[in-house]
Amino acid sequence: MVENAEVVVIGAGLAGLVAARRLRDAGVDVRVLESAGQVGGRVRTELVDGFRLDVGFQVLCPAYPAAAREFDLAALDLRPFLPGVRVHTDDGSHLLALAPAAFRDGWKALAHGLFGPSDLLALAALSGRDLVGTRAKVRADRSTYRELRRLGCSNRLINTVLAPFLSGVFLEGELSTSSRFFHLVWRSFLRGGAALPAAGMGQLPAQLAARLPVDTVRLNTAVTSVAPGEVRTADGARWSARAVVVATDADAAGRLVPGIRVPGWKSVTTYYHATSATLDAEPVLRVDPTDGLMVNSVVISAVAPAYAPPGTSLVATSVLGVPSSVDETERRIRDRLPRLYGLGADEWTLVSAFPVPHALPAMPAPHPLRGRVRLDRGLYVCGDHRDTSSIQGALASGRRAAHAVLADLRPRYPELVAWENTNTT
Ligand SMILES: Cc1cc2nc3c(=O)[nH]c(=O)nc-3n(C[C@H](O)[C@H](O)[C@H](O)COP(=O)(O)OP(=O)(O)OC[C@H]3O[C@@H](n4cnc5c(N)ncnc54)[C@H](O)[C@@H]3O)c2cc1C
């Protein structure tokens, strides 16, 4: 059986959905072939016993340059985190945040030696510079650790505050990740904090997919081989197309298109615990640098109440990697919850745990912020592995791939000309 489309996109993650929507908007007949039973790829929300569980805790930075371009942010009904972090130490906990409520705690943290006055100056200087927004791609790239040291942050500030916070973003504790990516994330965080769609992160791909005509995405359709102008699927179908966009994760892209760079993976495991005890918690990310166990924890229902049924609270706690015993680690986390939230270990119920071995493509420095998306005439690739390992990277790469296709198929398309003139990240 031979099927025809002007463009076939492989993969209905954020990158593939953005590419398809932009092509569709330009009047291209596009089909998306997705191996899974739903859209979203690594951004997915499951409903379990009335709880909304993101498959691996993650957040949207609304100030990502691509977020306002690709999403209707108002329709997502975003629920913001308090912009900052609560650091738990042996002598109590300190809220370090860009909020008046954090002022007293910030001085307490200074007094307890969590960081020194010169650290405050270094942080203010680097934040000021990032806020103004020197373009990340023109900066020299080095590891984030070396960059923070170069910018005057002490090892104490790094070890007690910055590394615990950033390791939850990079999913690695050494801060070996590209400093260019650090500056992009830091700037987005300073400009717009972090947020969750009220009904779960799965709303992001759901919103993108809803803007496509109903028959555009074919679910449960795994692609087995790709060539310029041709795609074959596991059910024996052959697709003929003028252009093929490979929008899968890096591993699958490497299998379908030999020669594509395939980075290693960063992994994470998220545990969701619930309690029916009254929990008066602020919507802020918590870190515990005294304990090498968890990377972060948050009362997710304090951020977005619809994540938990009425009368209950939901906490998401993540650890780096995938532990050899998910159950044993769950017991250790449960023992730590009283220190964080003041309720006894027996007041928590495990709702579910999600080990995610393939969460983020590794981005050690030097990391090119933009990989090539046009491999050959008729063959294109996108996905977070072509830009940065983030929602921003996936969205931006999908857009770039769509524009590369249009440059070949519809060189006079007006938006393409406008985009060539601005050429933003
Ligand atoms: C646990 C976790 C936490 C994260 N935290 C954050 C965060 O806080 N902030 C942030 O910005 N980013 C975060 N990210 C990263 C972000 O979610 C990803 O970078 C982004 O979703 C990647 O999108 P993508 O479209 O590039 O790839 P994917 O989402 O992997 O989509 C690829 C799609 O291709 C499909 N596919 C694969 N092979 C085939 C085939 N042969 N045929 C057909 N279809 C195929 C897959 O099923 C999938 O749907 C996190 C990711 C995870 C997993």
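Strand β3 (residues 45–48) and strand β4 (residues 51–54) run antiparallel and are joined by four bridges. The two strands form a hairpin with two residues between them. The model described here is predicted.

- Asp49 lies in the loop between β3 and β4.
- The phi angle of Asp49 is positive, at about 50°, although this residue is not a glycine.
- Asp49 counts as exposed because its relative accessibility is 67%, and the cut-off for exposed is over 50%.

- Strand β10 (residues 223–227) runs antiparallel to strand β11 (residues 230–233), and four bridges join them.
- Ser225 is placed opposite Arg232 of β11.
- This pair of strands also forms a hairpin with two residues between them, and Gly229 in the turn has a positive phi of about 85°.
- Asn220 is found in the loop between β9 (217–218) and β10.
- Asn220 is not a glycine, yet it has a positive phi of about 55°.
- With a relative accessible area of 58%, Asn220 is exposed.

**Salt bridges of Glu6**

- The structure holds 24 salt bridges.
- In one of them, the side chain of Glu6 meets that of Arg242, with an N to O distance of 3.2 Å.
- Glu6 belongs to strand β1 (residues 2–10) and Arg242 to strand β12 (residues 238–246), so this pair ties together parts that are 236 residues apart in sequence.
- Glu6 also forms a salt bridge with Arg410, where the closest N and O atoms are 2.8 Å apart.
- Glu6 is buried, with a relative accessible area of 15%.
- Its two partners are both in the partly exposed class: Arg242 has 48% relative accessibility, and Arg410 has a relative accessible area of 23%.

**Other salt bridges**

- Arg31 and Asp29 meet through their side chains in a salt bridge of 2.8 Å, N to O.
- Arg31 is buried, with a relative accessible area of 15%, whereas Asp29 counts as partly exposed at 30% relative accessibility.
- A network of salt bridges links Arg21, Arg22, Asp25 and Glu70.

**Packing of α4 and α7**

- Helix α4 (residues 117–132) packs against helix α7 (residues 179–192) at an angle of about 85°, and the axes are 9 Å apart.
- The angle makes α4 roughly perpendicular to α7, as the range for that class is 65 to 115 degrees.
- On the α4 side, the contact is made by Leu123, Leu126, Ser127, Arg129, Asp130, Leu131 and Val132.
- On the α7 side, Phe182, His183, Trp186, Arg187, Leu190 and Arg191 make the contact.
- By class, seven residues of this contact are nonpolar, two are polar and four are charged.

**Buried residues of α8**

- Helix α8 (residues 203–210) has buried residues at Leu204, Pro205, Gln207, Leu208 and Ala209.
- The elements that cover these buried residues include α1 (14–25), α2 (65–70), β8 (195–197) and α12.

**Two prolines**

- Ala365 and Pro366 are joined by a cis peptide bond, with omega at about -5°.
- Pro366 is placed in the loop between β17 (349–361) and β18 (374–376).
- Pro414 lies in helix α13 (residues 414–422).
- Pro414 counts as exposed, at 58% relative accessibility.
- The C-alpha atoms of Pro414 and Ala345 are separated by 60 Å, and the two residues are 69 residues apart along the chain.

Note on methods:
Residues numbered from 1 in each chain as written. Predicted model: local features only at pLDDT ≥ 70, side-chain atom pairs only at ≥ 80, totals over all residues. Heavy atoms only, no water. Axes fitted to C-alpha atoms, helices over the stretch in contact; angles between N-to-C directions. Parallel < 35°, antiparallel > 145°, perpendicular 65-115°, else oblique. Contact = heavy atoms within 4.5 Å. Nonpolar A, V, L, I, M, F, W, Y, C, P; charged D, E, K, R; others polar. Buried < 20%, exposed > 50% of the residue type's maximum accessible area, 1.4 Å probe, protein only. Salt bridge = Lys/Arg side-chain N within 4 Å of Asp/Glu carboxyl O. Pairing = 2+ DSSP bridges.
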